[in-house]
Amino acid sequence: MSLYQELTDFLLKGALGDQLFLPLSTLDKFTKDTITTQLSPWTRFFCRNLADKVLLQARKIFTILVLIGKQDTLRVILQDGLKDGDLPLSLHNDGSGHTLVSGNHKLFKSFSTWNEVRVRDFLDKQWLVLAPVFDRSGQRIELNTKCALPILNSEYVAGENACVVYRGIVPPRHHTGFKEDKVEVAIKEFRIKASFDKEEENLLKIQNLEHKHLIKIIATCNREPSYYIIFPWADGGNLREFWQHRNSHRTPDLILWSLQQMFGLADGLKALHDENCRHGDLKPENILHFKQNEDPNDRQGVLVIADVGVSKFHKEVTRLRNLPTNTKATTPSSRRQGAEVSRVSEAVRALTEDPMCREGTALGDLVGFIAEDLLVDPDSRGNAAKLSDQLETIVHDALQRPSYLANRVDRPRDIPKFFRTP
């Protein structure tokens with residue numbers, strides 16, 4: 001099989017489009033023999049270091065030339081100073097139709113002997129080797145419409161029309177800084193630029209907080225007419241799904257982990273509020289469970305606040321207090337709030353009657369704080385900072401005195417119907 005055929009067989013279709021890409025792992029397989037067999041006998045004899053040069057800095061250039069059948073021009077092109085780092089190239093505006101220019105304005109005239117069709121073939125095929133590499137920085141990537149998003153096996157998760165979420169896999173060598181060989185991601189596709197810009201703005205501000213209980217992005221991508229935000233995939237689902245599977249296993253370890261996560265989430269909210277941001281739609285479905293976590297102490301994973309598209313950042317704290325019409329869009333309606341408070345009050349009453357939540361235990365102190373500081377008039381209600389401080393104290397005491405965690409009972413009570421998920 002020819003090298004051309006091998007390369008075309010390795011081409012993959014990227015997610016959310018018809019663009020193809022050649023995985024970088026394919027280029028990693030190149031050896032000196034792979035390259036020298038594509039050269040003429042004259043070039044092999046007089047340019048013995050050419051294969052080493054390709055392996056060092058021109059694997060992508062070599063690949064493009066093989067795909068368009070112009071590998072015989074490799075020596076001349078590399079002598080012109082062209083390297084992988086100069087891609088992508090475009091036509092220079094000198095009118096020749098043969099001079100190419102890089103993004104940093106370097107000119108390459110080694111294509112002067114090519115006809116215009118072959119030059120355009122080079123410009124088209126270059127996108128096959130330019131699918132981006134994702135890291136953990138939240139980078140913004142401007143994608144050419146011919147460039148693939150290197151995500152495979154995409155499947156629909158949720159949404160419709162203007163905003164849809166997909167699940168997919170980033171193949172090896174198209175990500176860096178991750179432990180996994182193949183990284184699972186969630187891709188949020190926007191069709192309306194204003195919506196994308198707003199969510200991207202919020203997420204980048206949150207990214208700068210570097211809080212492990214606040215969602216982080218892998219990258220944002222602009223490839224008109226679509227715009228993408230790429231997140232780590234929450235392999236444990238959301239908080240509601242978590243409790244659907246854990247309702248019957250209320251062990252001391254799970255109770256302690258839950259309290260630690262509550263503290264982390266409250267501290268995350270405090271961090272948001274310190275930046276004059278209100279989430280506006282915090283609910284179990286918007287709290288994600290990541291089973292895989294870098295902290296070895298989080299054996300059951302970590303809970304993360306997500307879906308900040310409805311978050312509103314305020315340039316001045318006074319606007320949050322003095323302009324109620326601006327905050328209505330990001331907080332539940334009064335009727336909905338009242339119904340939710342009523343349901344929470346009912347839940348607290350049920351917990352108060354549970355012997356595990358006896359006064360003087362971690363669970364009892366938490367329930368008491370909710371009843372006395374949260375289910376009260378808004379003007380007297382504890383804020384995220386107070387909740388965070390209280391939970392920090394509860395978690396600290398529970399770690400110091402395991403008996404403080406919960407009242408020991410021979411058999412936990414059956415979970416009231418009120419708490420059972422439908």
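Two strands pair if DSSP finds at least two bridges between them. Strands here are DSSP runs of E, at least two residues long, and helices are runs of H or I, at least four residues long, both numbered from the N terminus.

Before the details, some housekeeping. This is a predicted model, where local features need pLDDT of at least 70, side-chain atom pairs count only at pLDDT 80 or more, and totals for chains, interfaces and linings use all residues. Residues are numbered from 1 along each chain as its sequence is written, and side-chain values use heavy atoms, with hydrogens and water left out.

Start with strand 11, residues 226–232. Strand 10, residues 219–223, runs antiparallel to strand 11 and is joined to it by five bridges. Cys221 stands opposite Tyr228 of strand 11. Two residues lie between strand 10 and strand 11, and the pair forms a hairpin.

Strand 11 also pairs with strand 9, residues 183–190, through six bridges, again antiparallel. There, Ala186 stands opposite Phe231.

Is strand 11 buried or exposed? Six of its seven residues are buried, so strand 11 is largely enclosed by the rest of the structure. Buried means under 20% relative accessible area, exposed means over 50%, and partly exposed is in between, using a 1.4 Å probe and protein chains only.

Now helix 15, residues 362–374. Buried residues in helix 15 include Leu363, Leu366 and Val367.

Last, Phe46 sits in helix 4, residues 41–46. Phe46 is exposed, at 53% relative accessible area.
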